[in-house]
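Colleague: I am new to this model. Please take me through one part of it closely, the nonpolar core and the helices around it.

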Amino acid sequence: MTSWLLLGATEGGLFDLDATLPLMAVQVVLLTFILNALFFRPVGRVVEEREGYITTSRAEAKQKLAQVERLEADLREQLKEARKATQQLIQEAEQDSEKLYREALATATAEANASREAARREIDAQRESALGQLKGDAEKLGDLIVDRLLAAK
Amino acid sequence: MGFLPLALPFAELEVGQHLYWQLGNLKIHGQVFLSSWVVIGALLAFVLVGSRKMERDPRGMQNLLEFLWDYIRDLAREQIGEKAYRDWLPFIGTLFLFIFVCNWGGALVPWKLIHLPEGELGAPTADINTTVALALLVSLAYFYAGLSRKGFRYFEYYVEPTPIMLPFKIIEDFTKPLSLSFRLFGNILADELVVAVLAFLVPLLVPLPAMFLGLFTSAIQALIFATLAGNYIGEAVHEEHH
């Protein structure tokens, strides 16, 4: 068993250091360059490109979101103003129509009053004249009666 | 190892035996390179397939790759700091992935089916050469990181907060690679040995819990190695605020 652990005294053994060492070192260095060209550089480029892509898209998305929020607030403001304007318009229209209605009503009432007054005045005048005529006729008739009675006597 | 008569073909213990390849007058451990090429091939195939058609909306394997990348980035960023982690992300990530696939490859691939004339295939990280190589790379990396970022002001680190710290900090430069390499080596080798011994004694079912534990420690060791490497680099590039 101890012959396993020959320390390089003779050929063989566990600790037999020879030209394998530098050749293996050269091999590993070569492997480093090959892997760098085949693996580390291309994969690193892809991964970092993706990371950059994600970062920029995220920033863009954030920017767009901010823009959308700003636009939304803007539109909300506009909508509010439009609502207010509409309300005012409606109120004004209502007031206008009310005023028109009142005016029309007032003129109509005044006209009606005036025509009623005129009619009454005319009626009065006609009654007056009719009464006058009646009175004259009655007096004439009375005179006639008196004259006839007196003449018969 | 014929000291037990009941040696099953898939549960043989061979420790400290290597398949030697001769390279000029240098010797290297063939089995370590063979298995490391297999796991590196698997890793590269996975990465190639996963990163073939990458899109902004990830699909299929791309998700897994991105998850891994994200995990490694968090690890590196946490250890090294926001300013310098980008330069060291590939290094930390390669350490993590390489150690991870080595450890799991050693545990999950049925290496025993492939017969070598000498030695056996297994996790490349169960060989001291691999772990020392990785640990020395980490040492070089943090020296380079500190010197390139701060110039010679890097050595202020050795006398902060007081000059009394100087010998300890110098000793640390040696203990860091030592502990890094031996921690990884010891854990992976011990795991392989435990599984091998259990499989050798009771081939069925009994080694399973040890295997699961091995998978767990393998992942943890990869994470520890990468985290400590990042931590050392982070210490080296850290700017004191006076």
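Modeller: Contact here means heavy atoms within 4.5 Å. The model is predicted, so local features need pLDDT of at least 70 and side-chain atom pairs pLDDT 80 or more, while totals for chains, interfaces and linings use all residues. Side-chain values use heavy atoms, without hydrogens and water.

Start at B:Leu97. Beyond its neighbours within four places in sequence, B:Leu97 touches A:Leu35, A:Phe39, A:Phe40, B:Leu43, B:Leu68 and B:Ile72.

Now the core. A nonpolar core is a set of buried Ala, Val, Leu, Ile, Met, Phe, Trp, Tyr and Cys residues joined through side-chain atoms within 4.5 Å. Buried means under 20% relative accessible area (1.4 Å probe, protein chains only). The largest such core has 69 residues. Among those with the most contacts inside it are A:Leu35, A:Phe39 and B:Leu97. Helices (DSSP runs of H or I, at least four residues) are numbered from the N terminus. Elements giving two or more residues to this core include H1 (20–152) of chain A and H1 (30–50) of chain B. H3(B) gives the largest share, 12 residues.

Next, the two H1 helices. Their axes, lines fitted to C-alpha atoms over the stretch in contact, come within 11 Å. They cross at roughly 5°, on a scale from 0 to 180 degrees between N-to-C directions. H1(A) and H1(B) are therefore roughly parallel (under 35 degrees). A:Leu35 and A:Phe39 are among the H1(A) residues that meet H1(B), where B:Leu43 is one of the residues met.

Terms used: Residues are numbered from 1 along each chain as its sequence is written. Chains are lettered from A and ligands numbered from 1 in the order in which they are written. Buried means under 20% relative accessible area, exposed over 50%, partly exposed in between (1.4 Å probe, protein chains only). Angles under 35 degrees count as roughly parallel, over 145 as roughly antiparallel, 65 to 115 as roughly perpendicular and the rest as oblique.
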